[in-house]
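Student: I'd like to learn how to read a fold like this one. Can we go through it together?

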Amino acid sequence: MASQSLVQFIEAALWCTGPFELSYTDPDQKWLIRKDMLSLLQGFPNLSPSMDTYIHGDGTIANLLNAHGTVHISSSSPQVPLTIWLHENYPYVAPIVFVGLTGMVPSPTIHHDHPFVDPSGLTTSPYIRTWQFPRCNLKELVHNLVKIFSRDHPFSYSATSSPFTHSSVVSKEALDRLEGMLHYDTTALRSETDKEVEKLLALQQEMDQQVKIVTAIVQGLKRERWELRDRMARLAKEADVLINWLKVHDPKRAMAMGDDDIDDVFEGVDEESRLRLQCLAADLSIEDTIYALDKAVDEGAMNFEIYIRQVRNLAREQFFHRAMFWNESVAMFTFNGIVLFSLEPDSVLDRKLCKNVISDS
């Protein structure tokens, strides 16, 4: 049972009037606060009652009753200082719990990423978040905090066991253990996600640099295209000037460079020369046709039998053109049986044809 002095202090604080009057206005609420506070102090004698000014997160100020002191966790871990503020709407609103004491020097260091205690010491355990009167009270709250801190101590120290490995099957403890495990898993996942985000940001920066490079290349190509267009326009103007000059000084060549047939540019000096040019042109055109047929067979665009038939016909026609060409050439390159100069035939058949033509001459 709590000492008479504690009972008197709590009653005096709750029913005090004047500038030090607390923010609890309902008489029934004050009796509930008296009951829960005495039960808490009886279960945890190291805690002491006090009254002080509390500033909420939104800036509002209230005169509240609080219990402060240390709670024993285990023989292998340090005690935890607690300050429990009773909200002005207690017990219908959960109390405000801090790890640490007001004005405590040095201030204890909360270990990084604790699932229920933030760096300022504010504690938000599942028991507090699911607070519901009359199921919840101050004494059970502190018992719950002791169990949580026995598995994951809020201070930075070397623990003998890993957090949240207790074998208890009580539903509240299982909920606390599960939430703690989820917190650490979420923290690890967040760390990995942050690393992935950093990699993606670095990749994005690299892609931005590549985009700038490609954009510069495209702009350079556009400038080069416009320069080529200007150059082409200048060359077209120069070509027009040249054609106009040719029309005045060499009308025949100007006509050949215009819309007339390009073959008119080449003209034999006599009938035999014109015949040789025609034979040579026919020979080269047949050679190009055979080459095109070879490519068609390689690509599977033509049947092999059709290919053989077409090549046989073209080869026969090419033979006659070559025979006529060499017949005219040998006739011109010899004079009175004396060979002035000779051309090397393209094949053995051409050589035989030349020998026959020479012997006939």
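Student: Which residue in strand 2 does Asp-52 stand opposite?

Tutor: Strands of a sheet pair through backbone hydrogen bonds, either parallel or antiparallel. Here Asp-52 stands opposite Leu-64 in strand 2. A word on the source: this is a predicted model, where local features need pLDDT of at least 70, side-chain atom pairs count only at pLDDT 80 or more, and totals for chains, interfaces and linings use all residues. Residues are numbered from 1 along each chain as its sequence is written, and side-chain values use heavy atoms, with hydrogens and water left out.

Student: How many bridges link strand 1 and strand 2?

Tutor: Nine, in the antiparallel sense, with strand 2 covering residues 61–71. Two strands pair if DSSP finds at least two bridges between them; strands are DSSP runs of E, at least two residues, and helices runs of H or I, at least four, numbered from the N terminus.

Student: What is the strand order in the open sheet?

Tutor: Five strands run 1-2-3-4-5 with antiparallel pairing. Strand 1 (47–55) and strand 5 (122–123) are the edges, each pairing on one side only.

Student: Where does Gln-318 lie, and is Gln-318 buried or exposed?

Tutor: Gln-318 lies in helix 8 (residues 304–333). Buried means under 20% relative accessible area, exposed over 50%, partly exposed in between (1.4 Å probe, protein chains only). At 8%, Gln-318 is buried.

Student: How many disulfides does the structure hold?

Tutor: A disulfide is a covalent bond between the sulfur atoms of two cysteines. With the cut-off at sulfur atoms within 2.5 Å, the structure holds zero. Cys-16 is partly exposed at 22%, while Cys-279 is buried at 3%.
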